[in-house]
Amino acid sequence: MRSFVVIGCGRFGSTVAKRLYELGQDVMAVDKDEELINRIAPNVTTAVVCDVTDENAVKELGLSNFDVAIVSVAQNLEAEILAVLSCKEANIKKIVAKASNKRAGEILSRVGADKIIEPEKEMGHRLADILSGENIIDSIEFSKDYSIVEVEVDKNWIGKKLMDLKFREKYKCSILFIQREKEMFVNPSFDFVIEGDDLITVLGENKYINKIKKTY
């Protein structure tokens, strides 16, 4: 179990804090808005009312006890910069900051944030990636370079064995499982025959997954 401090409990911050707590992590939520803190308190380890622009108040948080900081006060760049600086001074190993735009992200990186999140931009990119692949139904990006995608069957694949499709050779992707109605075939064999309503879930590098189109 790792310890997280989430500074800023708006929609993004509170969602992250609650999910981390659900996953069994130690989470302290921080916000200057007492109403937000009261709302999130039952769903985190500790909830503290604190204005991060108040240096003395920040010292009382004990930031040096945390492994990761998520700073989510993008509506107030000054407060976010001060929060990142405080986390940096406390030697928190990883600092993630939410940025409202590219310029704000550059500033936050310079003052010590290890990773910049632009939620709206990233969700927009993900939606575009999904929609640009005609036969890609859904996508889960679990690292910067790799994703798992669910792919519809192209009409030219129907009735063919996986070995005939040469899926790995063409796309450098591994087929994790194939869903056929209520039945799931995990790690299907090379002689598995594709049917029209099958859904294929694959794992691969994003640069190759982007090539999965209706090319057969």
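Predicted model: local features only at pLDDT ≥ 70, side-chain atom pairs only at ≥ 80, totals over all residues.
**Entry 1: the whole chain**

I started with the surface: the chain exposes about 12,800 Å², and carbon and sulfur atoms supply 49% of that. Areas here come from the Shrake-Rupley method with a 1.4 Å probe. Residues are numbered from 1 along each chain as its sequence is written, and side-chain values use heavy atoms, with hydrogens and water left out.

Next I looked up burial: 39% of the 216 residues are buried (under 20% relative accessible area; exposed is over 50%, partly exposed in between). I also noted 9 helices and 11 strands, which are DSSP runs (helices H or I, at least four residues; strands E, at least two).

**Entry 2: α4 and α5**

How do the axes of α4 and α5 cross? I found that helix α4 (residues 77-89) and helix α5 (residues 102-110) have axes that come within 9 Å and cross at roughly 25°. The two therefore count as roughly parallel (angles under 35 degrees). I looked up who meets whom: Leu-77, Glu-80, Ile-81 and Val-84 in α4 touch Ala-104, Ile-107 and Leu-108 in α5, contact meaning heavy atoms within 4.5 Å.

**Entry 3: Met-184**

I placed Met-184 in strand β10 (residues 183-186). Leaving aside neighbours within four places in sequence, Met-184 is in contact with Phe-177, Ile-178 and Gln-179. From Met-184 to Ile-200, I get 16 residues in sequence and 10.0 Å in space, C-alpha to C-alpha.

Key: Axes fitted to C-alpha atoms, helices over the stretch in contact; angles between N-to-C directions. Parallel < 35°, antiparallel > 145°, perpendicular 65-115°, else oblique. Buried < 20%, exposed > 50% of the residue type's maximum accessible area, 1.4 Å probe, protein only.
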